[in-house]
Amino acid sequence: MIRVESVTRTYGDLVAVDQVSFQIGQGEIVGLLGHNGAGKTTIMKMLTGYLEPTSGSIEIDGLDIATCREAVQSRIGYLPENDPLYPEMTVIDYLDYSASLHGVPTGERDKKIREAIASTELSLKAADTIGTLSRGYRQRVGVAQAILHTPRLLILDEPTNGLDPTQVQHMRALIRTLAKRATVILSTHILQEVQAICDRVIIIRNGRKALDATMDELQAGRRLLVAVDAGPERALGVLKSVKGIQSVERMEEGGPGHRYALDLVGQDELAVTAPRVASQIATAGWKLYALQPESRNLETLFGEISAQDGR
Ligand SMILES: Nc1ncnc2c1ncn2[C@@H]1O[C@H](COP(=O)(O)OP(=O)(O)OP(=O)(O)O)[C@@H](O)[C@H]1O
């Protein structure tokens with residue numbers, strides 16, 4: 001379990017991360033999504049113990065990172081944004097060196113390195129010099145070093161950055177496989193990345209948490225969308241009077257009828273409120289063209305949040 005409590009980090013006068021809190025349970029795949037400079041890397045560096053928060057606290061598996069840094073770091077595998085690989089080393093030598101840094105006991109090293117190479121499908125490149133590898137393979141070497149000590153938590157900063165579409169597919173498949181054994185937090189500014197891999201998204205905007213939702217919550221309808229042949233002068237009041245409806249908003253025309261978005265009092269109310277709306281419409285004698293839960297879409301939400309930045 002990861003518990004981040006009111007974490008702030010400043011660089012001089014700049015507040016890069018501002019009072020961010022969240023909790024992540026074992027086995028989740030969480031995407032930190034935000035534009036360049038939003039504060040994602042700073043959060044990740046604080047989670048790994050490489051950077052101290054200016055204020056706030058971080059606990060991993062009940063251990064406070066400020067006081068138990070080494071114990072916490074032994075549980076974490078980290079792929080930094082620009083992984084500082086050694087171009088003149090071979091893959092296997094670099095992984096051996098990384099294993100020593102991770103404190104993998106000498107007797108276990110060969111086995112751990114073999115496992116990491118197999119998981120990242122690097123067998124054919126194991127004897128190659130890192131500097132001769134493509135960007136995709138170098139990223140895999142970065143992931144291999146991050147998983148050498150079988151960490152319970154994997155922190156991947158922009159894992160697909162700079163990869164071509166095929167390499168992106170490979171990396172996503174690899175992350176999904178790794179997530180079967182570890183909790184994964186990855187950062188990205190590409191929302192399709194989150195959609196493709198994550199169970200949950202935390203959107204960071206100007207150092208603050210702008211949204212924290214599971215993909216299921218995003219998909220679940222929060223509002224009911226209705227299209228009827230009644231204009232707003234009649235429809236707004238009648239729809240608002242239905243039990244379970246908090247407010248009614250007129251939407252832009254499109255398709256048959258007039259369109260309205262109905263905010264529900266409680267999200268669980270959808271199944272009981274939708275039939276009430278249908279029967280009210282029938283009682284009013286209107287034609288019903290559409291009645292469906294609105295699907296909140298990450299793209300729309302990210303767009304709305306970005307629009308607040310004027311992006
Ligand atoms: N060492 C530093 N010194 C001063 N400012 C910094 C430092 N590191 C980051 N910043 C600033 O802090 C803010 C957050 O940066 P951060 O790298 O955490 O964002 P990010 O969301 O990871 O961005 P990117 O997607 O571009 O990597 C930015 O304004 C950045 O310029």
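**Figure 1. Strands S3 and S8 pair side by side in this predicted model.** Strand S3 covers residues 29-33, and strand S8 covers residues 183-188. The two strands run parallel. They are joined by 5 bridges.

**Figure 2. An open sheet is built from 6 strands.** The order across the sheet is S6-S7-S8-S3-S9-S10. Pairing within the sheet is mixed. Strand S6 (76-79) stands at one edge and S10 at the other. Each has a single partner strand, so one side of each lacks a neighbour in the sheet. From one strand to the next, the twist averages 15°.

**Figure 3. Strands S9 and S10 form a hairpin.** S9 spans residues 200-205, and S10 spans residues 208-214. The strands run antiparallel, with 6 bridges between them. Ile 203 stands opposite Leu 211 in S10. The turn puts 2 residues between the strands. Asn 206 lies in this turn and has a positive phi of about 50°.

**Figure 4. Two cysteines, Cys 68 and Cys 198, are compared by accessibility.** Cys 68 has a relative accessibility of 25%, so this residue counts as partly exposed. Is Cys 198 buried or exposed? Cys 198 is buried, with a relative accessible area of 7%. That value falls under the 20% cut-off for a buried residue. A disulfide is a covalent bond between the sulfur atoms of two cysteines. With sulfur atoms required to lie within 2.5 Å, the count of disulfides comes to 0.

**Figure 5. The protein chain is assigned two domains, domain 1 and domain 2.** Domain 1 takes in residues 2-217. Domain 2 takes in residues 221-295. How many Å separate the centres of domain 1 and domain 2? The centres, taken over C-alpha atoms, are 44 Å apart.

**Figure 6. Confidence is shown along the protein chain.** The average pLDDT is 90. At least 70 is reached by 96% of the residues. Among the elements of the protein chain, strand S1 (residues 2-11) has the highest mean pLDDT, 97. Helix H11 (residues 298-307) has the lowest, 75. For the model, ipTM is 0.96 and pTM is 0.79.

Methods:
Residues numbered from 1 in each chain as written. Predicted model: local features only at pLDDT ≥ 70, side-chain atom pairs only at ≥ 80, totals over all residues. Heavy atoms only, no water. Domains from an automatic or database assignment. Pairing = 2+ DSSP bridges. Helix = DSSP H or I, 4+ residues; strand = E, 2+ residues; numbered from the N terminus. Axes fitted to C-alpha atoms, helices over the stretch in contact; angles between N-to-C directions. Buried < 20%, exposed > 50% of the residue type's maximum accessible area, 1.4 Å probe, protein only. pLDDT = per-residue confidence, 0-100.
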